[in-house]
Amino acid sequence: RLVDKGGKGYILPQEFRLAIENREFKLGDPFYNFIHDPFNHKASNGMIAGFTPDERALLHLMGEIVKCPKDRAIPHAFQDLVYNMETHATKSARSLTDCTLIRIASPDFMQAYLQDAGGAVALFQRLKARMQHSLEHEETIAKGGHEGMATFVDSKKRLLSGSDKVLTTQNINKSLVDMQYAVRGLVPITAERIQQEINQGKGQSKPFDEVLYCNIGNPHSVGQKPITFYREVLALVDCPTLMDKPGVEAVFPPDVIARAKEIKSAIPSGTGAYSHSQGIASIRANVAKFIEKRDGGHPCNPGDLFLTNGASTGIQMMLSTLIAGPTDAVLIPIPQYPIYSALIKLLNGQQVGYQMDESKGWSLDMDELKAQVAATRARGHTPKALVIINPGNPVGNCLSYDNIAELVRLCKAEKLVLLADEVYQENVYMERPFVSVKKVVRDLGDDYKGFELVSFHSTSKGIIGECGRRGGYMELCGFDAEVQAQIYKLASSG
């Protein structure tokens with residue numbers, strides 16, 4: 001147990017974790033403000049004494065130690081909850097009247113607390129790591145006869161000793177434990193709290209009555225309406241018997257019915273059956289026509305297309321293929337969309353960030369790229385691929401034709417596979433138009449016929465915005481046939 005030894009409350013460590021996961025930990029506003037404002041907020045003894053038993057138990061887990069000047073006693077509210085360690089201090093200690101509470105790293109706590117299960121588990125692991133770090137020092141104090149510290153050490157050891165579960169965070173993939181997917185953070189967490197206040201009728205003082213979540217590209221969640229043509233075609237293809245019902249023409253427009261019949265004829269087994277590992281052939285043929293039209297007539301082979309569950313699945317497949325060991329490196333733009341840093345960490349590769357030139361409209365700086373490639377090799381790592389996000393996420397830039405051509409030449413010279421994340425190609429908010437990397441590569445002529453390029457696109461953005469339906473594709477250009485066969489095998493396994 002993590003106990004308020006004054007008998008005013010306790011919580012089991014696993015209950016603490018589950019309470020966070022399930023949003024069941026009830027916090028009053030004073031305590032919430034106390035833990036979410038660690039840099040400026042100061043708590044009076046009266047405030048601390050007013051915390052609920054659950055809050056006092058949580059405080060025990062968050063702040064293991066209180067240090068006071070020698071001539072001062074620990075505030076009464078903490079006397080049976082924490083221990084005085086005059087030899088322990090830290091620059092990050094929080095001010096509590098005349099004493100300081102040593103805390104877990106507050107920014108981490110703020111970003112993890114009250115998130116989903118992943119955030120809760122990450123927080124719990126940080127707390128355990130912090131407790132383990134100080135355990136040796138506390139054992140020394142306990143051996144010196146400090147009875148209270150001995151009890152505290154025993155409690156800690158039981159918490160840190162492990163679990164009766166087969167899988168724990170100590171024996172699962174360490175790269176998964178270390179991976180971070182930083183789409184969520186302090187701003188969205190604060191936004192959720194504001195939305196809760198509004199829902200509970202506590203937002204009267206705010207000059208708005210709604211929160212729009214723009215921390216992730218999720219168009220329909222912020223008001224973009226679905227295209228009725230797509231939804232109606234999907235309805236008929238998923239339930240083709242509707243097309244045989246009398247009066248269907250009065251419900252669905254003729255172009256919808258025609259398109260649904262065309263798709264149904266191409267997939268006689270229906271949408272509930274397994275399809276080709278690269279995706280339904282007729283759909284890939286239509287995607288190829290789209291690419292050819294977009295790129296001014298440059299041909300696209302449907303055999304080089306893989307239909308994916310959104311662009312993310314394609315990105316994961318390619319990074320899984322590219323990263324063969326812990327010295328393999330992938331260059332990614334800074335700032336970036338965090339799927340790249342997350343997957344590179346998960347796959348035990350090396351992330352190499354390159355800075356974009358904000359003064360030139362977030363363009364690519366070839367000298368910066370060359371310097372990062374050279375530095376990577378100097379560290380004994382092997383740069384194998386370079387990622388661009390165009391149009392940019394999060395900066396919204398559109399790379400110029402000439403800038404892309406410079407990049408392609410550099411990647412060829414440095415023997416880098418180019419991964420082009422082009423999912424925002426319909427979301428262009430500047431005068432410069434979007435130009436695909438593939439068009440530039442083909443325009444460069446036969447010398448670049450074998451240039452290794454993967455481009456990604458998605459139905460989650462643009463005028464479609466169907467994030468939840470998980471549609472996308474990747475196109476492979478210039479790949480060795482045997483390597484492409486291995487990627488096909490990877491697609492088949494999913």
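## Basis of the description

Buried is used here for a relative accessible area under 20% and exposed for over 50%, with partly exposed in between (1.4 Å probe, protein chains only). The model is predicted, so that local features need pLDDT of at least 70 and side-chain atom pairs count only at pLDDT 80 or more, while totals for chains, interfaces and linings use all residues. Residues are numbered from 1 along each chain as its sequence is written, and side-chain values use heavy atoms, with hydrogens and water left out.

## Thr 376 in helix H16

Thr 376 belongs to helix H16, residues 366-378 (helices are DSSP runs of H or I with at least four residues, strands are runs of E with at least two, and both are numbered from the N terminus). With a relative accessible area of 0%, Thr 376 is buried. A polar atom of the Thr 376 side chain lies 2.7 Å from the backbone oxygen of Gln 372. Beyond its neighbours within four places in sequence, Thr 376 is in contact (heavy atoms within 4.5 Å) with Ala 329, Val 352, His 381 and Pro 383.

## Helix H15 and its cover

Six of the eight residues of helix H15 (residues 339-346) are buried, namely Ile 339, Tyr 340, Ser 341, Ala 342, Leu 343 and Ile 344. Their cover includes helix H14 (310-322) together with strands S8 (328-334), S9 (350-355), S10 (382-389) and S11 (417-421). Just after H15, Asn 348 adopts a positive phi of about 65 degrees.

## Val 166 in a loop

Val 166, in the loop between helix H7 (147-160) and helix H8 (174-178), is exposed, with a relative accessible area of 72%.

Note on methods: A polar contact is a pair of N or O atoms within 3.5 Å; within protein, one must be able to donate a hydrogen and the other to accept it, and residues adjacent in sequence count only if both atoms are side-chain atoms.
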